[in-house]
Amino acid sequence: MTIAGKSPAERRRARLRFRASHRGFKEADLIFGAFAEEFLPALDDEGLARFEELLEHPDREVMAWLDGTRAVPAAFDTQVFRQLKSICSRRNPRWQT
């Protein structure tokens, strides 16, 4: 089935999955891509919107929030961000091998 034959929600998830792994900053590609693989299928519309907001933000800022060098703004301190951060705390993540 092509993307054109999918429901609007499936098309939205496909676009987000692509954007998550094609950010242009390798480490961010891997972290966001791993998030998309694991969590994207279960996100509701609100969760998808929160993920889109994170994707709109500059990589370096989001990475600083993830590594704790900058505080996460309250507007971005959501369940989706916490799930994204959980990807970073795993043992032997793909981007550090």
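## Crossing of α2 and α5

The crossing of α2 and α5 is right-handed; a crossing has this hand if the near helix is turned clockwise from the far one by less than a right angle, and is left-handed if anticlockwise. In this predicted model, local features need pLDDT of at least 70 and side-chain atom pairs count only at pLDDT 80 or more, whereas totals for chains, interfaces and linings use all residues. Residues are numbered from 1 along each chain as its sequence is written, and side-chain values use heavy atoms, with hydrogens and water left out.

Helix α2 spans residues 26-39 and helix α5 residues 79-88; they pack at an angle of about 115°, and their axes lie 9 Å apart. Axes are lines fitted to C-alpha atoms, for helices over the stretch in contact, and angles run from 0 to 180 degrees between N-to-C directions. The two helices are therefore roughly perpendicular to each other (65 to 115 degrees; under 35 is roughly parallel, over 145 roughly antiparallel, and the rest oblique).

## Residues at the contact

On the α2 side, the contact is made by I31, F32, A34, F35, E38 and F39, and on the α5 side by V80, Q83, L84, S86, I87 and C88. Contact means heavy atoms within 4.5 Å. By class, nine of these residues are nonpolar, two polar and one charged (Ala, Val, Leu, Ile, Met, Phe, Trp, Tyr, Cys and Pro are nonpolar; Asp, Glu, Lys and Arg are charged; the others, Gly among them, are polar).

Q83 belongs to helix α5. Q83 counts as buried because its relative accessibility is 17%; buried means under 20% relative accessible area, exposed over 50%, and partly exposed in between, with a 1.4 Å probe and protein chains only. Leaving aside residues up to four places away in sequence, Q83 touches F35, F39 and L43.

## Helix α4

Helix α4 covers residues 59-67, and D59, V62, M63, A64, W65 and L66 are buried in it. The cover over the buried residues of α4 includes α2, α3 (45-56) and α5. After α4 comes G68, which has a positive phi near 85°.

## The chain as a whole

The protein chain has five helices and zero strands, giving the pattern α-α-α-α-α along the sequence. Helices (H or I, at least four residues) and strands (E, at least two) are DSSP runs, numbered from the N terminus.

Of the 97 residues in the protein chain, 38% count as buried. Among contacts between residues at least 6 apart in sequence, 58% join residues at least 24 apart.
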